Amino acid sequence: MSDRLYIFDTTLRDGEQVPGCQLNTVEKIEVARALEELGVDIIEAGFPVSSPGDFNSVVEISKAVTWPTICALTRAVEKDIDAAAEALKYAKKGRIHTGIGTSPYHIYNKLNSTPEKILERAVAAVKYAKKYVEDVEFYAEDAGRSDNEYLARVVEAVIKAGATVVNIPDTTGYTLPYEFGEKIKYLVDNVRGIEKAVIATHCHNDLGMATANTIAGIMNGARQAEVTINGIGERAGNTSLEEVVMTLKSRYQVLNIDTNINTKNIYKTSRLVSNLMNMPVQPNKAIVGRNAFAHSSGIHQDGVLKNRENYEIIDPTDVGINESSIVLTARSGRAALKHRLEIMGFELNKEQLDEVYEKFLDLADKKKDIRDDDVALLVGDAEQKERR
Ligand code: KIV
Ligand code: ZN
């Protein structure tokens, strides 16, 4: 039997904090509806106490969305929790996400406190949130740099206080995959009552390891992944939804874990978020980048045209992209040119193809990439020559 991973999307909270990515309420509702259609289980809609606009967005998203749980972020502060509960009052399923820093950096330098006082505040916040909603998630901020023994004490105490989900963020994107995996395993093995809560990963990408760390966490028992579309988020971003979901789908035989994501909606959701947030996706971004399914070298093009799986581990239609693209460049071979000519409706015999190919190479050395109108001109020249 396979296990189920809950997908918690924080594009509208952690993602939207990025400078220049702010959305208005109408745009946020559009993204929330797209996330619902994508099959996301939990949508983190905002941080209600932070501004009236954020508060209002959580209210409107709660009204607009039916199936996913709507989550609101708070600090371990009563007024934050009051605001979150108020903003969630229209949610069909509402969750309060409260928490506090547990690393030495946060305890001593940021909060000017002590480990014992932080533990008390964590428990008090969960108990306070429980007065409003059944579903309370606790985050141990900077868990990546927190001492495992202390973290386990905090996690055990908040579960006892009623937390239904315990979030273990690698806030600064510091850990290595094996370390993050071991941290989750440590909690699974050492926290009494851990089976009463879902363990969540929330990884940042400062060292480019957010997806690897998330997968390591899942392999060690986490069953909620906190992610964003296109990996958008603070600094180098959060774990990207599309990478985690497609890793689980492509490597299902090894990982044996399902999600509820309708993967065919991935590409259109990626485009929507990129356009609304004015945040371009890097061309070589895994899964959704412009080049993720583009083949440009002759050897690869020939291989893909013989059988897509020679060079592709994901069928592009699985993520809502119509087909792989064969980009014509000076590295392309005859097979790629012939393929493009056939798509354009030209049937050339061997001699004609050889002749067009020679001209094509001349042109491709001068131009970066060859478009259909260039190819049509090359065929036109060859036809004229034949008539003479
Ligand atoms: O990165 C982080 O620690 C967070 C928490 C607020 C969950 O975003
Ligand atoms: Zn974060």
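Helices here are DSSP runs of H or I with at least four residues, numbered from the N terminus, and in this predicted model one such run, helix 1, spans residues 11-15 and contains D14.

The strands can be followed next. Strands of a sheet pair through backbone hydrogen bonds, and they do so in either a parallel or an antiparallel way. In this model eight strands form a closed barrel in the order 2-3-4-5-6-7-8-9, and their pairing is parallel. Neighbouring strands of this sheet are turned against each other by 25° on average, when direction is ignored. One of the pairs can be examined in detail: strand 7, at residues 165-170, and strand 8, at residues 198-203, pair in the parallel sense over six bridges, and V166 stands opposite I199 in strand 8.

Helix 6, made of residues 115-130, lies across strand 5 (94-101) and strand 6 (135-141), and runs at about 170° to strand 5. Helix 9, made of residues 210-219, lies across strand 7, strand 8 and strand 9 (224-227), and runs at about 165° to strand 8.

How do the axes of helix 2 and helix 3 cross? The axes of helix 2 (residues 25-38) and helix 3 (residues 52-64) come within 9 Å and cross at roughly 40°. An angle under 35 degrees would count as roughly parallel, and one from 65 to 115 as roughly perpendicular, and helix 2 and helix 3 are therefore oblique to each other. The crossing in which helix 2 passes helix 3 is right-handed. On the side of helix 2 the contact is made by T25, K28, I29, A32 and R33, while helix 3 contributes N56, S57, E60, I61 and A64. Sorted by class, this contact of helix 2 with helix 3 has four nonpolar, three polar and three charged residues.

Note on methods
Residues are numbered from 1 along each chain as its sequence is written. Chains are lettered from A and ligands numbered from 1 in the order in which they are written. This is a predicted model: local features need pLDDT of at least 70, side-chain atom pairs count only at pLDDT 80 or more; totals for chains, interfaces and linings use all residues. Axes are lines fitted to C-alpha atoms, for helices over the stretch in contact, and angles run from 0 to 180 degrees between N-to-C directions. Helices (H or I, at least four residues) and strands (E, at least two) are DSSP runs, numbered from the N terminus. Angles under 35 degrees count as roughly parallel, over 145 as roughly antiparallel, 65 to 115 as roughly perpendicular and the rest as oblique. A crossing is left-handed if the near helix is turned anticlockwise from the far one by less than a right angle, and right-handed if clockwise. Two residues are in contact if their C-beta atoms, placed from the backbone, lie within 7 Å. Ala, Val, Leu, Ile, Met, Phe, Trp, Tyr, Cys and Pro count as nonpolar, Asp, Glu, Lys and Arg as charged, and the others, Gly among them, as polar. Two strands pair if DSSP finds at least two bridges between them.
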